[in-house]
Amino acid sequence: LKPNGEFFGDMEAGRGLAALLVAGFHCAQTRALVDGLPVDLKQISAPNPLWQPLQFFHDIFVYGLSEPQPHFGPLFFFVLSGFLLTDSIRRGPGAVGPASARFFLARFFRIYPAIVATLLIFWAVHAITGLALDPHGYSFSSLWRNLLLIRTNIDGVMWTVQVEVLALPMIFAAIWLLRVRWGPALVTLLFLGLVALSFWGSWERLGWGAPSRTAWLYTFLCGILAHHFGRRLFSSLSRRGTTFVFFAAVGVFFFSGLVVHQKWLILFQTIAGSTIVALLAFGPIIGAAAILRTIPLRFLGRVSYSFYLLHPLTLMIIWKQPELFGRWLDRGLPAIVLSIGLWLATTLAVLPLAWLIYRVVELPFIRLGKRVWQRSLAAG
């Protein structure tokens with residue numbers, strides 16, 4: 001058996017690694033003036049062959065080599081949410097009424113307090129410095145729409161939170177459906193139906209612009225199915241077999257963009273991500289995943305939600321400096337070094353604030369949600 005707590009520790013660190021990949025993705029979109037034109041750092045090839053291997057692996061793991069861009073981090077978030085929420089509901093009340101009340105109450109206190117804190121920070125920074133990703137996002141009506149997750153023009157990464165909130169009723173219904181006799185088959189059919197819909201342009205564009213909020217819904221179901229079937233699939237694997245499947249899934253997750261594209265790529269990565277999560281949960285301890293048990297990634301995993309929401313604060317600065325970065329490139333600094341340097345610098349800059357929000361907002365409101373639930377039980 002795995003040590004107590006390792007299951008959630010690996011999941012937490014995996015979420016932190018996914019948030020870190022999102023930060024790198026955004027830093028690679030930083031623009032520099034090249035011959036008078038703004039160009040993404042990712043699009044600037046390494047002038048010296050010595051830097052090309054670094055650029056190749058950076059592109060694979062951070063930016064991808066396909067269109068549309070892979071969004072490794074958000075996809076892993078969605079799969080992991082489906083998986084962990086399944087575990088949470090199964091450990092909760094047995095009746096559907098109390099189970100749904102507990103589920104939606106917990107999600108509200110988990111999701112919204114950090115959103116409110118983040119938007120207040122963005123508003124304060126804009127009021128003091130004038131910096132903004134969208135200067136038109138701070139009117140009264142726009143602020144309220146962002147608070148309600150109707151719009152995400154103040155902090156663009158909140159589109160993923162929109163997707164999860166949209167998916168919550170489906171997630172609860174699917175997890176609850178697994179308890180009935182034909183539930184797993186019905187959830188599997190729902191998963192396949194949403195996969196098919198994701199290839200339909202009208203469904204993909206439903207409600208919002210790019211990235212799609214509806215085409216990703218099946219990723220949560222894949223995480224739910226990974227939790228349901230993962231134990232019987234992977235608990236009896238040998239260490240060698242687990243390691244082989246783990247590396248195969250990681251390879252598909254990051255490298256499938258070399259051979260498949262667009263909607264098929266998201267499907268391949270969803271299945272691979274679900275396999276990785278199920279292996280970490282139900283398989284023997286994977287030596288190759290030891291990085292997930294390091295102190296820095298465990299810390300990043302704990303603060304990953306706030307880090308993910310707050311990292312765009314740094315983009316308000318670095319995305320406004322194309323002339324400066326153009327001069328650095330003219331002096332011989334390779335674009336890949338600049339991109340990775342910005343990734344490291346912005347990560348270190350945001351982590352203290354992310355830790356603070358985690359301590360003073362996330363944890364207290366999670367505890368408050370639990371107290372509200374316990375009081376409702378006592379009152380009932």
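## Cysteines, aromatic pairs, helices and pockets

Cys27 is buried, with a relative accessible area of 0%; buried means under 20% relative accessible area, exposed over 50%, and partly exposed in between, with a 1.4 Å probe and protein chains only. Cys222 is also buried, at 10% relative accessibility. The structure holds 0 disulfides, a disulfide being a pair of cysteine sulfur atoms within 2.5 Å.

This is a predicted model, in which local features need pLDDT of at least 70 and side-chain atom pairs count only at pLDDT 80 or more, while totals for chains, interfaces and linings use all residues. Residues are numbered from 1 along each chain as its sequence is written, and side-chain values use heavy atoms, with hydrogens and water left out.

A search of the whole structure finds 25 aromatic pairs. Rings of Phe, Tyr and Trp (its six-membered ring) pair if their centres lie within 6.5 Å; planes under 30 degrees apart count as stacked, over 60 as edge-to-face and the rest as tilted. Phe56 and Phe57 form an edge-to-face pair, with 5.3 Å from centre to centre and 80° between the planes. Phe56 is partly exposed at 37% relative accessible area, and Phe57 is partly exposed at 43%. In the pair of Phe104 and Phe172, the ring centres are 5.9 Å apart and the planes stand at 45°, so the pair is tilted. This pair links distant parts of the chain, 68 residues apart: Phe104 is in helix α4 (residues 96-129) and Phe172 in helix α6 (residues 159-177). Helices (H or I, at least four residues) are DSSP runs, numbered from the N terminus. Phe104 is partly exposed at 34% relative accessibility, whereas Phe172 is buried at 8%. One aromatic cluster is formed by Phe56, Phe57, Phe61, Phe72, Phe76, Phe253, Phe254 and Phe255.

Helix α3 (residues 72-90) has 19 residues and should span 27 Å at 1.5 Å a residue; its end C-alpha atoms are 28 Å apart, which agrees. The expected span is 1.5 Å times one less than the number of residues. Of the 19 residues of α3, 17 are buried. Helix α4, with 34 residues, reaches 49 Å from its first C-alpha to its last, close to the 50 Å expected. Just after α4, Gly130 takes a positive phi of about 85°.

Two pockets are listed below. On a 1 Å grid over the protein atoms alone, a pocket is an open set of points where a 1.4 Å probe fits, with protein on both sides within 12 Å along at least five of seven lines; lining residues have an atom within 4 Å of a point. A volume is the space filled by probe spheres set on the points, which are joined across faces, edges and corners.

| Pocket | Volume | Residues nearest the centre |
|---|---|---|
| Largest pocket | about 1400 Å³ | Arg15, Leu85, Arg107, Arg110 and Ile366 |
| Second largest pocket | about 530 Å³ | Leu17, Leu21, Val250, Phe254 and Ile291 |

The lining of the largest pocket has 19 nonpolar, 6 polar and 11 charged residues. Here Ala, Val, Leu, Ile, Met, Phe, Trp, Tyr, Cys and Pro count as nonpolar, Asp, Glu, Lys and Arg as charged, and the others, Gly among them, as polar. At least two lining residues come from each of α1 (6-27), α3, α4, α6, α13 (304-310) and α16 (335-379).

The second largest pocket is lined by 25 residues. The elements that give two or more of these are α1, α2 (52-63), α3, α10 (239-255), α11 (262-282) and α16. By class, this lining has 23 nonpolar, 2 polar and no charged residues.
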